[in-house]
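Trainee: Please take one part of this model and go through it closely, together with what packs around it. Keep to the geometry and state the cut-offs as you use them.

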Amino acid sequence: MSDALLSVSGLTRRFDVSKPLLNRVIEREDRQFLTAAADVAFEIRRGETFALVGESGSGKSTIAKMIVGLLEPSEGEIRFDGKGMDFASGSAMRALRRRFQMIFQDPFASLNPRWRVGDIIAEPIRTFGLLRGAAIGAEVGRLLDLVGLSASDAEKFPHEFSGGQRQRIAIARALSSKPEFIVCDEPTSALDVSVQAQILNLMRDLQDEFGLTYLLISHDLSVVRHMSNRIGVLYLGRLVEVAEAKRLFTEPQHPYTQMLLAAVPDLALSGRRRTPVTGEIPNPINPPPGCAFHPRCPHVMDHCRTDAPASHPTASGEAACHLLAPSRAAAQTAQD
Ligand code: SF4
């Protein structure tokens with residue numbers, strides 16, 4: 001039996017990016033679509049941290065927003081705790097929203113500047129009717145203490161805190177509805193380097209204490225390596241590799257993953273192929289045919305330009321590359 005808390009399959013999101021023309025209705029066939037996520041499938045196991053990585057525009061945040069119900073998929077299914085998410089049902093989505101929360105990149109933008117910290121943290125408790133009266137204040141104090149702040153901070157406003165402290169407030173707010181699953185969207189990228197480790201360590205401690213499951217969205221591979229059990233690598237809205245974190249950093253299978261890791265000096269692959277980062281990300285409105293990575297791939301073959309690669313099993317996951325097709329892999333082994 002699968003121990004997945006969350007699974008997505010065939011997850012696709014298209015945005016209509018047609019430019020309106022004066023006095024002209026755009027015909028369906030003239031419309032332009034940007035596919036931010038294409039046929040994405042993965043699962044997140046209870047209690048683990050699954051990270052999605054990729055360059056800007058890879059679709060990470062679009063996928064996160066679909067998972068927390070802020071954006072409706074164009075196609076595909078999201079299942080949480082065995083049940084499909086029904087975007088058309090307000091009551092079903094409301095019940096789910098208590099069970100998962102989101103921590104955003106910029107804690108200042110995500111906290112209402114006109115509200116006292118106590119009201120910010122209490123809002124989910126009130127919205128979901130979890131506690132009443134004086135018990136709410138006591139719970140807010142407990143949550144502030146849990147994230148390393150003081151109960152008296154409930155009376156202050158967000159601008160009275162540093163960036164790291166504001167992210168602690170955002171974490172306390174996320175915990176207040178007693179969620180099982182938290183989407184962490186670049187949770188430390190707006191913070192000073194010296195504060196990042198403190199926030200990441202706090203997130204790990206809370207995960208251990210409450211058995212939380214995290215989806216971590218990040219472009220920072222050092223953060224991902226520090227936090228994740230398994231990692232999915234996205235390129236132009238497509239999942240190109242999924243692997244256990246340790247394996248991904250020591251034996252990346254997809255040429256794009258190798259390129260991403262080679263770009264970070266601290267993570268340079270010892271004794272392995274180091275593929276230089278080359279080329280620009282193609283226009284997502286008009287992605288390359290075949291393997292979308294082929295214009296940048298140092299191992300490109302003729303059929304990469306026409307045939308999209310299927311996903312093939314790897315030592316700890318899967319990767320979508322023609323080099324990993326069983327016939328090709330067998331030929332490579334024979335040559336070695
Ligand atoms: Fe490179 Fe071809 Fe693999 Fe794409 S399918 S990553 S172009 S080798």
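Mentor: In helix α1, K60, T62, I63, A64, M66 and I67 are the buried residues, where buried means under 20% relative accessible area, exposed means over 50% and partly exposed lies in between, with a 1.4 Å probe and protein chains only. The model is predicted, so local features need pLDDT of at least 70 and side-chain atom pairs count only at pLDDT 80 or more, while totals for chains, interfaces and linings use all residues. Residues are numbered from 1 along each chain as its sequence is written, and side-chain values use heavy atoms, with hydrogens and water left out.

Helices (H or I, at least four residues) and strands (E, at least two) are DSSP runs numbered from the N terminus. Helix α1 covers residues 60-67, and six of its eight residues are buried, so the rest of the structure largely encloses α1. Just after α1, G69 has a positive phi of about 85 degrees.

α1 lies across β3, β6, β7 (181-185), β8 and β9, and runs at about 150 degrees to β8. Contact here means heavy atoms within 4.5 Å; axes are lines fitted to C-alpha atoms, for helices over the stretch in contact, and angles run from 0 to 180 degrees between N-to-C directions. Helix α7 (residues 193-210) also packs on the sheet: α7 touches β3, β7 and β8, and its direction makes about 155 degrees with that of β8.

The sheet itself is open and has eight strands in the order β6-β7-β8-β3-β9-β10-β12-β11, with mixed pairing; two strands pair if DSSP finds at least two bridges between them. β6 (100-103) and β11 (311-313) are the edge strands, each with a single partner, so one side of each has no neighbour in the sheet. From one strand to the next, the twist averages 20 degrees.

Within this sheet, five of the five residues of β3 (residues 49-53) are buried, so β3 is largely enclosed by the rest of the structure. T49, A51 and V53 point one way from β3, whereas F50 and L52 point the other way. β3 runs parallel to β8 (residues 213-218), to which five bridges join it; there A51 has L216 as its bridge partner. β3 is also parallel to β9 (residues 230-235), with four bridges between the two. In β9, V233 is the bridge partner of V53, and G232 stands opposite L52.

A nonpolar core is a set of buried Ala, Val, Leu, Ile, Met, Phe, Trp, Tyr and Cys residues joined through side-chain atoms within 4.5 Å. The largest one has 56 residues, and I231 and V233 are among those with the most contacts inside it. A second, separate core of 30 residues includes I63, along with A37, V40 and V242.

L236, in the loop between β9 and β10 (238-244), has a positive phi of about 50 degrees although it is not a glycine. L236 is buried, with a relative accessible area of 5%.
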